[in-house]
Amino acid sequence: MAGITDLPFRLQARRYGADLLVSEMISSQAMVRNSLRTKRMASSEGVEAPLVVQIAGGDPQIMADAARMNVELGADAIDINMGCPVKKIVNTWAGAALMKDEELVGRILEAVTKAVQVPVTVKMRLGWDNNQLNGETIARIAQAAGVRWIAVHGRTRAQMYQGKADWQAIGRIKAAVSIPVIGNGDITTPQEAKHMLEISGVDGLMIGRGALGRPWLFQQVKHYLEHGESLPEPDVEERYQTVLFHLDHMLDHYGPRTGNLMARKHLSWYGRGIVGAARFREEVNHSPNGEITRQLASQFFRTASCSIAEMAL
Ligand SMILES: Cc1cc2nc3c(=O)[nH]c(=O)nc-3n(C[C@H](O)[C@H](O)[C@H](O)COP(=O)(O)O)c2cc1C
């Protein structure tokens, strides 16, 4: 997820059992232009494997070059973005716009799979809109090009993030190919994860927004699928240690100033649902440095025991 699945977030998700993590979307153009910022987005600093790096773009040659550069920098797999609905991206004929041009999809996937030895994967939607539901065709093209697995977000581009993800439609795409298909969209609880598996028959699950401020969701889902029972919500101390882990990695990864700014949204997600969260968010948003933010987090999460206990009821 752009702006979210940076190295600190991925380390946190890994701690809680996520098997496979994908970098933020990286512009193939920026990569080839050698942008330092872009390289940091794909960086795993040697502490993370396997790392899937997602690239976006619409030019087969540039995509192939960007894929190769990312593999040289340590990517263990390359994911091609065919799902991003944002205007700025689709207007450059990238992201979800690729689904409108099946021939171009074929050329991009051929070029990238030829360029690198590591697995190439695809992230896509059901189609551009309800009149162009060609997810099954795109999946077959991907399979023929040697793509190793496909993740499907069960919405069209026209839906953006509105409505509900269609898990049955994901199941139809799963049935159209023999390579693994990963289902994505609207999984926020272990029970929903199980339901998605039952409805779609997919081979794996991808969770995005449901893990914001709740990285333990990965562990809860795995436990529920394996043992059929729900794990309790983390207690106050674990929650606090989780927040601290994330904050400290942000400060370390981005440096004290930028890290402090970038940690704001995550702290706000961690605080969601706890009494006093609005005031905590306000204080964090005005915190001048990481040390003060740390103190605010300590005060807030360590004294939040009553409200967290209430949430669990
Ligand atoms: C802020 C934000 C950024 C996202 N960035 C990306 C991205 O860079 N690449 C991608 O494939 N999907 C991206 N997505 C889409 C998610 O990966 C996922 O497909 C979508 O949110 C539905 O799954 P969920 O309900 O589990 O969140 C993004 C979603 C959000 C909300």
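Predicted model: local features only at pLDDT ≥ 70, side-chain atom pairs only at ≥ 80, totals over all residues.

Trainee: Which residues have the most contacts inside the largest nonpolar core?

Mentor: A core is a set of buried nonpolar residues joined through C-beta atoms within 7 Å. Here the largest one has 69 residues, and Ile55, Leu109, Val112, Ala142 and Ile150 have the most contacts inside it. Another core, of 15 residues, lies apart from it and includes Val243, Trp269, Phe280 and Ala297.

Trainee: What does Ile150 touch?

Mentor: Leave out residues up to four places away in sequence; Ile150 then touches Thr121, Val122, Met124, Ala139, Ala142, Ile179 and Val181.

Trainee: What radius of gyration would a compact globule have with 313 residues?

Mentor: Compare the chain with the rule for its length. A compact globule of 313 residues would have a radius of gyration near 20 Å, and the protein chain agrees because its own value is 20 Å. Its C-alpha atoms fill a box of roughly 55 × 45 × 30 Å along the principal axes, and 44% of its residues count as buried.

Trainee: How many helices and strands does the chain have?

Mentor: The protein chain has 15 helices and eight strands. Of the contacts between residues at least 6 apart in sequence, 68% join residues at least 24 apart.

Note on methods. Residues numbered from 1 in each chain as written. Buried ≥ 20, exposed ≤ 12 C-beta atoms within 10 Å, placed from the backbone. Contact = placed C-beta atoms within 7 Å. Helix = DSSP H or I, 4+ residues; strand = E, 2+ residues; numbered from the N terminus. Rg over C-alpha atoms; globule rule 2.2 N^0.38 Å.
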